[in-house]
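My plan is to go from the whole fold down to single residues.

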Amino acid sequence: MKKTNFSFHKRNHGTLPESIAIVPLKDDVIFPHLILPLSLAGEGLVKAVNDAVSKNEFIGIVALKYDVDLPKPEDFYEFGTAAKVVRVLESTSDSVKALIEGVVRIKVTDYVQTEPYCKARIEEVREFTEKSETIDVLVQSVITLFKLSAMLGKALPKDVISMIDTINNPSILADLVAIYLELPVHEKQKLLEMLDPQKRLRVVFHYLNKEVQLKEVRGKIDEEVAKEMSKTQREYFLREQLRAIQKELGQEDPRMEEINKLEEKIKEAKMPKEVEDVAIKELERLRDINPASAEYPVSRTYLDYLINIPWTKKTIDNLEISQAARILDEDHYGLEKVKARILEFLAVHKLKEKLKGPILCFCGPPGTGKTSLGKSIARTLGRKFIRISLGGIRDEAEIRGHRRTYVGALPGRIMQEICRAGACNPVFMLDEIDKIGTDFRGDPASALLEVLDPEQNVSFVDHYLDVAFDLSHVLFITTANILDPVHTALRDRMEVIYLPGYSEDEKLKIAHQFLIPKQIIENGLEQHPIIFQDQSLYKIIREYTREAGLRNLEREIASVCRKVAKEIVAGGQVTKEIQSETIEKFLGPRKFFYQVTDEEDRIGVVTGLAWTETGGDIIFVESSRMKGEKELTLTGQLGDVMQESAIAALSYVRSNAKRLGIDETFYDTSEIHIHVPSGAIPKDGPSAGIAMCMALVSLLTGRQARREVALTGEITLTGNVLPIGGVKEKVLAAIRAGVKTIVLPLKNREDYEEVDKEIRDKIQCVYIQKVDDAIDTVLIQKQ
């Protein structure tokens, strides 16, 4: 809003009417005797101005309390100024620009109209001024200060300075000066509502004096800054001004205050001496960097990481063996080897205070509790728990960080997570270590070699931090489904603990102790607890799941709980006891069948045992003989090792045909086909060698193979049966499938005896050293 003219000669504008149109003003206050152009938008306001011009009426200019587009009566201040429209400068249908002259202060008493514009009843506010020496002194002082302000650079119209000497009315003088004071709207409104001219003049004098002092200080600052600055420093002009202002006010530079706080934090962080030296050096570098520089946030972030890393902060370990054993038993059923290893660690730690953390690797099928076991170990020890998933990681920098020369560089995940944990001795779980990838960005598995080596991780150096950190206090736990993809050197650094699948009895106990109570709570059945009969759980385990772990079992139990919850909400009959007959009603038809016990013994079909990422499973080796000439066909997506096992089995049968009661020339006129069903699933490994050999012997001798007998073992051309892995998983798979007898290599006796006695009592085991030892066990004598 531009102030264009000021009139202090009182004109005869006539008597104020009882009510006038009210025009809102958003960003300023109109005082009496002020003439200025006013721009208004809106059809209602255009009509108000045009009506005032045509009828030679007053309009009320009242400031708004809030910035609103469509003001209501409550949005206006109570006091305003009655004004006359001198002339209309520009006018359209929805906007108008007019020259307005303020006449007298008014008080709005009541709004009588809001459309198309506001109209209100008003009262004229009269002022009474008594002549006194105090007023005369105030008038002269205000005039002097006003001129001084103009000399110090205050922007004023040319005619205002010459005009001010002619004003001796304190009210008009106070209003004139108020117009040019740099005050917010609400402060100017207070001056408008101040009816005592002497008081108003005192307030104006105070504001004007403050403004003059500020201009004097600013001029002094500008002069000092200009002397100190060279041409190359002009870009820092505003910053130097701010610094000079703060010095004048006695305030400390915020940047130096920040530097001092960082210095205190470095001392409190209790860093190793060499790390503290690096931090102090970086702090000195930060002190010399301009905050506007791109280097400043990089250096500041680096210092923040150095300060926040828990160099010496530790959690206190819970070394009570009995309490630790109780917590482990509360969280997990079985897993005796893992629990024993953790208790051994605690026992040694109790005897020896400084102890390097072990590097454990939990290997087993999905759903066997590897990840949850890590959380339980952390709770047992009273340590912080950190977990990161390595599945799909392909960049080595994810482990060791990026060097600070890169834009957006950060520490690796190892140091980031330790920083978040706030302790240097957490339980750190590296999940899915067997699923690490590798590409042109590096090999993360190789980067882990230093992290997981107790001899090297004492001084682990992250590329970003570039200082050594002691990881030997960290208890690292890795998990994997199979160890074959894991780097050989990495595997050598870890203490592998196998977590085999659970037997049916173990699943039953885990369901009762953990899964059912958990699902009752999660599905809101605390007030309506349900009871699962053992037979119903066995039915779920056998007919609705086929897994080594517990995930699908928990899903099916959760499904049953949801069905019961639905019955409760529906208000019908509620099932309180889950029996075997109830399962099919809730879960539908059975999903899995026992292929062994349901079928008859046949010639050329033998049951084998396999081990996969998801645990043990049974396979069927089928063989058939056709007319042909010396040809062996293998189908069922067999890998190279499995194909070689089939060739070795055929070679053994051919070389021992006479002793086995087989025509020695059978291969000259025959084509042999070996097939392993589930052809969409890739299969490999040497452990099916004995099953393939027995299938060929059954086919060529015409003796039926017992379907309830399952075999596993690698064979040689001389007929030796070599040991295999995954014994417990294969035994559990055999029991799940209804197998009554398993045939194992003799050298696997110790592995079999490690299996729980409860499981071994459910199945018969036959040990063999030679292929011939299995023939009578597997094949039925001809009648």
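How many helices and strands does the secondary structure of the protein chain come to? I count 27 helices and 27 strands. I took helices (H or I, at least four residues) and strands (E, at least two) as DSSP runs, numbered from the N terminus.

Ground rules next. This is a predicted model, so I asked for pLDDT of at least 70 for local features and 80 or more for side-chain atom pairs, while totals for chains, interfaces and linings use all residues. Residues are numbered from 1 along each chain as its sequence is written, and side-chain values use heavy atoms, with hydrogens and water left out.

**Overall form**

I looked up the radius of gyration, taken over C-alpha atoms. The protein chain has 46 Å, whereas a compact globule of 783 residues would have a value near 28 Å. The globule rule is 2.2 Å times the number of residues to the power 0.38. The C-alpha trace spans about 140 × 70 × 60 Å along its principal axes.

I then checked burial. Of the 783 residues, 49% count as buried. My cut-offs are under 20% relative accessible area for buried, over 50% for exposed, and partly exposed in between (1.4 Å probe, protein chains only).

The accessible surface comes to about 39500 Å² (Shrake-Rupley method, 1.4 Å probe). Carbon and sulfur atoms hold 49% of that surface.

Contacts came next, meaning heavy atoms within 4.5 Å. Among contacts with a separation of 6 or more, 74% are between residues 24 or more positions apart.

I also placed the charges. The mean positions of the 109 positive and 122 negative charges are 1 Å apart. Lys and Arg count as positive and Asp and Glu as negative; His and the chain ends are not counted. I placed each charge at NZ of Lys, CZ of Arg, CG of Asp or CD of Glu.

**Strand β8**

Is β8 (residues 359–363) mostly covered or mostly open? It is mostly covered, with 5 of its 5 residues buried. In a regular strand the side chains alternate between the two faces of the sheet. In β8, I359, C361 and C363 are on one side, L360 and F362 are on the other, and all are buried.

Which strands run parallel to β8? One is β13 (residues 475–480), joined to β8 by 5 bridges. Another is β14 (residues 495–498), joined by 4 bridges. C361 has T478 of β13 as its bridge partner. F362 stands opposite I497 in β14.

I found a cis peptide bond between E115 and P116, with omega about 0°. P116 sits in the loop between β6 (95–113) and β7 (118–124).

H33 is not a glycine, yet its phi is positive, about 75°. Its loop runs between β2 (19–25) and β3 (34–41). H33 is buried, at 14% relative accessible area.

K630 is also not a glycine and has a positive phi of about 45°. I located K630 in the loop between β19 (615–627) and β20 (631–635). Is K630 buried or partly exposed? K630 counts as partly exposed, because its relative accessibility is 47%.

**E450**

E450 counts as buried because its relative accessible area is 15%. I left aside its neighbours within four places in sequence. E450 is then in contact with R400, Q456, N457, S459, F460 and V461.

Definitions and conventions: Pairing = 2+ DSSP bridges.
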